[in-house]
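Please look over the sequence and the model below before reading on. The notes that follow are grouped by topic, so that each part can be checked against the structure.

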Amino acid sequence: MKKPVIYIDMDNILNKFWVPYIQYYNKLFNRNTTLDPSIMKEYCLSVCLGLEHGSIEEKQLDEATMCSWKFWTDDMPPYEEAPEVLERMCQNYDVYILSTPYVEYTNCIPAKMEWMEKHFPFFPKKNMIFTWHKELLMGDFLIDDKPENLIGFKGNVATIAYPYNRLDGVYRGKDWYELEKYINTKIASDNEEEFLKKYESIL
Ligand SMILES: [Mg+2]
């Protein structure tokens, strides 16, 4: 039987992107600002920090963070429970990483692959998809934090809960344990529904 296909985003889903981001920001601008997920009302973290889109400061911060190998590989913490949950999910489903690399930094893709090898060594590299067009992918589930991606996907969607991704009809878990429970339950009930439809059509 074909396994359900699940796509998993990386930034702010497998990792806690905001943690090194605010550290680099403080170092670059000599500040002592804290950034907690509960105050992240905008998807774009530079905007959460009060920087204007396209400003020199935002560009400097992008260069210091998203154009840095160390930022992606050494300083990026995963959600603590994510490796354990992802390993279980890989046994039951066809799991793919679906990540949008930072467009201005071509080394972002190998850096993200190295980070996966470091924290998720069991995960097959050939199941990593990098794209700027997630809406083109077909599958059963997308786990992503970005509102546009959640809206654009044609299957089931779920996310880690952040203030910026409150959307009707989207399940928002506080951690990977909650996501795992939701995904397992939803897939089981979808399978049951499909089975009943087939059964009814035979009768
Ligand atoms: Mg993300």
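**Around Gly-155**

Gly-155 is partly exposed because 15 other C-beta atoms lie within 10 Å, a count that falls between the 12 or fewer of an exposed residue and the 20 or more of a buried one. The model described here is a predicted one.

- Gly-155 sits in the loop that links helix H7 (147-152) to strand S5 (156-160).
- Although Gly-155 and Met-138 are 17 residues apart in sequence, their C-alpha atoms are 7.5 Å apart in space.
- When neighbours within four places in sequence are left aside, the residues in contact with Gly-155 are Gly-139, Asp-140, Phe-141 and Leu-142.

**Strand pairing**

- Phe-141, one of those contacts of Gly-155, is also the bridge partner, in S4, of Ile-6.
- Strand S4 (residues 141-143) runs parallel to S1, and three bridges join the two.
- Strand S1 (residues 5-8) also pairs with strand S2 (residues 94-99), in the parallel sense and over four bridges, and in S2 the bridge partner of Tyr-7 is Tyr-96.

**Two domains**

- The protein is divided into domain 1, which covers 5-15 + 78-202, and domain 2, which covers 18-73, and their C-alpha centres lie 24 Å apart.
- Where the domains touch, 15 residues of domain 1 are in contact with 13 residues of domain 2.
- On the domain 1 side, helix H6 (residues 108-119) provides the largest share, with five residues.
- The residues on this side of domain 1 comprise nine nonpolar, two polar and four charged ones.

Technical notes. Residues numbered from 1 in each chain as written. Predicted model: local features only at pLDDT ≥ 70, side-chain atom pairs only at ≥ 80, totals over all residues. Contact = placed C-beta atoms within 7 Å. Domains from an automatic or database assignment. Nonpolar A, V, L, I, M, F, W, Y, C, P; charged D, E, K, R; others polar. Pairing = 2+ DSSP bridges.
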